[in-house]
Amino acid sequence: MKMERNQLERRISVASGKEPADTVIKNGKIVDVFNGEIMEGDIAIVDGYFAGIGEYSGKNIIDAKGCYISPAFIDGHVHIESSTVTAREFAKVLLLHGVTTVIADPHEIANVSGAPGIQYMLNSTKNLPFDFYFMLPSCVPATAFEHSGATLTAEDLKPFYQHPRVLGLAEVMNYPAVVNAEQDMVSKIYDAKHLGKKIDGHAAGLKAIGLNAYMSAGIRTDHESTTADEARERLRRGMYLMIREGTVAKDLNQLIPVVNERNARRCLFVTDDKHLDDLVHEGSIDHNVRLAVASGLSPLTAIQMASINAAECFGLDDKGAIAPGYKADFILFENLETIQITDVYKDGLAVVKDGLLIDKLGNATPSISASIRESVRFHELEEDSFQILLKDTKANIIEIIPNSLVTIHQIEEVDTCELGLFRPSIEADQLKLAVIERHHMTGAIGLGIVKGLGLKSGAIATTIAHDSHNLIIAGTNNYDMVVAANAIKDMQGGMIVVNQGEVIASLELSIAGLMSDRPYQEVYSKLNEINLALRTLGANDHFNPFLTLSFLSLPVIPELKLTDQGLFQVSTFKHISNDA
């Protein structure tokens, strides 16, 4: 928000002690993120900004009662859509966990609905006591090896840069397009650089040469490091290291040992993709901070990474610190080791008190076009639609690694009938996997075999299937897979659990097949029902089966994935057959 001249004069006057502040916080231990120290003193706030630290008088006094006062937290990279709730409901949950700012990539809804999807996200995030900033999706579609709902060129993106909450170009995941200097990708990168915007990376599996190309292109961040060696390589080349702890991708414990007093200021926390139930149970960036502290990192360094580092990474020069001229977004907690947040303030006003949300944010939602509401379209399916014909009894199989986006490419003996059709095996944990194009009625269906879900019966399906968000189904039999597909179409998107031809749990996601328009408490309840239903099917309980399923169609993360065009081998960047 643009500051008026009289606001500037008043801020200076309050800072100088010439007039009282709007609010003064007393008796607190102030977290100094610049020096990694604890300070004491009054904190003066005026017009939603910190004006000074020292001795101040004010119209309103907050007694911190010896609590620590820290800058509120910032999530440096997140897909709101992965929470399955609208941005307004997402903000309610994150405020309870001390997060008041996110840098979001609306990549998911853009892959379904294109530019109207981005505009919807911008419209739905305004006038809230929460700061939503956006990076524009760079890869829609993510690759040319699947059918997406939309295509966004450099010219499609350019008008959005005029929006004050658009900070730059989001994760550039199509590495071949960068290294080969493909024209539209070069145009997207050039436009962002020319306008002084930021560019996020997605350097999954990239070695030194690939990172060199990324840095030369002006890409400055990466959230895909999964090992300490990868993290060091990114830091050595001047990248910001985004340390991710989401629902599927849990990289923090592997990466935290890399952080030290010399490089910490180049590190920040992100969640990337996190399910609503995990956000409610664990938290958001506050969970990253607690994990880091439990791993031996200094609490002050962890808070620094969760606040000022993220702000500086994205050029948010009035965020992330308790210091004069910075936004008065802050949190209170009693213990520096456990960091259990009691109170949260946004722009100097309380939004959470004693762990309860006091600013309800309302329930209003912007109008949603029919194209976003009615996004699930495909031809009628039959049981034969899921038949996998094999030439031999050896097949290429996608094996899940629990709590990882990466899969293993296995070659195993499988069971087939006399016609050479694959038969799922509960004993060998070899199930059918299908990705059905749901945007343009192409009739495309990719079929494969997946190992590691552990289903003993039934089928599960969802329209959350990164990145093109086609319909993805895993099942033990064709009939339940058909039932699941038809039920998803009737709901116009969602998550569903089917057993013996009956829908036993579901969550309707009618906004682009990705988000619910219901309050987060209702969505949370539905997710709990789904989790109980998954137990009935015998699903593996060491990871989130639905979120894992949603990444099995992502053809930019190694090793083997499935798109609506078939099995995709990431190392060769091409499709392969089911036959080994």
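Two strands are said to pair if DSSP finds at least two bridges between them. The views below show a predicted model.

**View 1. Antiparallel pairing of strand 17 with strand 18.** Three bridges join strand 17, residues 341-346, to strand 18, residues 349-353, in the antiparallel sense. Within this pairing, V344 has V352 of strand 18 as its bridge partner. Two residues separate the strands in the hairpin, where D347 adopts a positive phi near 55°.

**View 2. Antiparallel pairing of strand 18 with strand 19.** Strand 18 also pairs with strand 19, which spans residues 356-357, in the antiparallel sense and over two bridges. The hairpin of strand 18 and strand 19 has two residues between the strands, and D354 takes a positive phi near 50°.

**View 3. The largest cavity of the model and its lining.** Five cavities of 30 Å³ or more are present in the structure, and the largest has a volume of about 80 Å³. The lining of this largest cavity comprises 14 residues, with H79, E171, D273, F551 and L554 lying nearest its centre. Classified by side chain, the lining contains six charged, four polar and four nonpolar residues.

**View 4. A nonpolar surface patch formed by M3, L8 and I12.**

Terms used. Residues are numbered from 1 along each chain as its sequence is written. This is a predicted model: local features need pLDDT of at least 70, side-chain atom pairs count only at pLDDT 80 or more; totals for chains, interfaces and linings use all residues. Side-chain values use heavy atoms; hydrogens and water are left out. Patches are made of residues with over 30% relative accessible area and no salt bridge: like charges are joined within 9 Å, nonpolar side chains (Val, Leu, Ile, Met, Phe, Trp, Tyr) within 5 Å. Accessible areas come from the Shrake-Rupley method with a 1.4 Å probe; for residues, only the protein chains shown count as cover. A salt bridge is a side-chain nitrogen of Lys or Arg within 4 Å of a carboxyl oxygen of Asp or Glu. On a 1 Å grid over the protein atoms alone, a cavity is a set of points where a 1.4 Å probe fits but cannot get out, and a pocket is an open set with protein on both sides within 12 Å along at least five of seven lines; lining residues have an atom within 4 Å of a point. Grid points are joined across faces, edges and corners, and a volume is the space filled by probe spheres set on the points. Ala, Val, Leu, Ile, Met, Phe, Trp, Tyr, Cys and Pro count as nonpolar, Asp, Glu, Lys and Arg as charged, and the others, Gly among them, as polar. Helices (H or I, at least four residues) and strands (E, at least two) are DSSP runs, numbered from the N terminus.
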